[in-house]
Amino acid sequence: MLFRSLFQLNYAYFLHRNNKLDECIPFYKRVIEIDDRMLEARFNLADVYGKKGMHEQRLAEYMAIYKTKPDFPRIKVAIASVYVKLNKLDKALPFLEDHIKDRPDDRRPLKTLASIYFNAKRYQDAIPLYERLLEKYPKSIKEERSFYVQSLLNTNQAPKAMKVLQSHLKQNPTDNRSEEHTS
């Protein structure tokens, strides 16, 4: 039984990797029927569903994994990304927040969570995330710096916002975007 399910999983993955999405789905489903503990089949099937724009089905597979093994690698981020895609940001939040507790410097989820907080006008929650991003990834988050400064301004922290802008201008004297926040 195990050999058969492994063969089917490998064959499904081969089809998947070769972009034969419709062909690999029944093989992934068969692996799950044989042994629903083979969570890789569900994870890969979810990826296929995502590529086909079938986001509700994708989410269902991720949630099945999460219920079975909540510490499955990157499952919380995967679930959150589907909720973001479906514009259900309130449902994405707990998964992102939980992921960040476990992996506080994971750049992409940090950026996403900070962005959700910013758009929800939860500036106090966004600020520490932007600060962590600035500390850990100073060169790769130029866009986020603007949202960080705006969050500081929206929470009446203008002096701190000015310091951030001045520091940025010292390091990047030709960046004219920083002037947008001082008017």
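Visitor: Which side chain meets that of E33 in a salt bridge?

Guide: Begin with the general idea, which is that side chains of opposite charge can pair when their charged atoms come close. Here a salt bridge is a side-chain nitrogen of Lys or Arg within 4 Å of a carboxyl oxygen of Asp or Glu, and by this rule E33 is paired with R30, at 3.1 Å from N to O. Please keep in mind that this is a predicted model, in which local features need pLDDT of at least 70 and side-chain atom pairs count only at pLDDT 80 or more, while totals for chains, interfaces and linings use all residues. Residues are numbered from 1 along each chain as its sequence is written, and side-chain values use heavy atoms, with hydrogens and water left out.

Visitor: Where do E33 and R30 lie, and how many residues apart are they?

Guide: An α-helix has 3.6 residues a turn, so residues three or four places apart point the same way. E33 and R30 both belong to helix α2, three residues apart, which is about one turn. Helices (H or I, at least four residues) and strands (E, at least two) are DSSP runs, numbered from the N terminus, and this protein has 10 helices and zero strands.

Visitor: Which parts of the chain does the salt bridge between K52 and D22 link?

Guide: The side chains of K52 and D22 meet at 2.5 Å, N to O. This pair links distant parts of the chain, with K52 in the loop between α3 and α4 (55-68) and D22 in helix α2, 30 residues apart.

Visitor: Which residues form the nonpolar patch on the surface?

Guide: Patches are made of residues with over 30% relative accessible area and no salt bridge, where like charges are joined within 9 Å and nonpolar side chains (Val, Leu, Ile, Met, Phe, Trp, Tyr) within 5 Å. Here F3, F7, Y11 and F14 form such a patch, with about 470 Å² of accessible area together. One of them, F7, is found in helix α1 (residues 2-17) and is exposed because its relative accessible area is 52%.

Visitor: What span should helix α7 have, and how far apart are its end C-alpha atoms?

Guide: The expected span of a helix is 1.5 Å times one less than its number of residues. Helix α7 (residues 107-119) has 13 residues, so it should span 18 Å, and its end C-alpha atoms are 18 Å apart, which agrees. Its buried residues, including L110 and F118, pack against α5 (75-85), α6 (89-102), α8 (123-136) and α9 (142-154).

Visitor: What radius of gyration does the whole protein have?

Guide: The radius of gyration is taken over C-alpha atoms, and the globule rule is 2.2 Å times the number of residues to the power 0.38. A compact globule of 183 residues would come near 16 Å, but this protein has 21 Å, and its C-alpha trace spans about 65 × 30 × 25 Å along its principal axes.

Technical notes. Buried < 20%, exposed > 50% of the residue type's maximum accessible area, 1.4 Å probe, protein only. Contact = heavy atoms within 4.5 Å. Areas by Shrake-Rupley, 256 points an atom, 1.4 Å probe, with all protein chains shown as cover.
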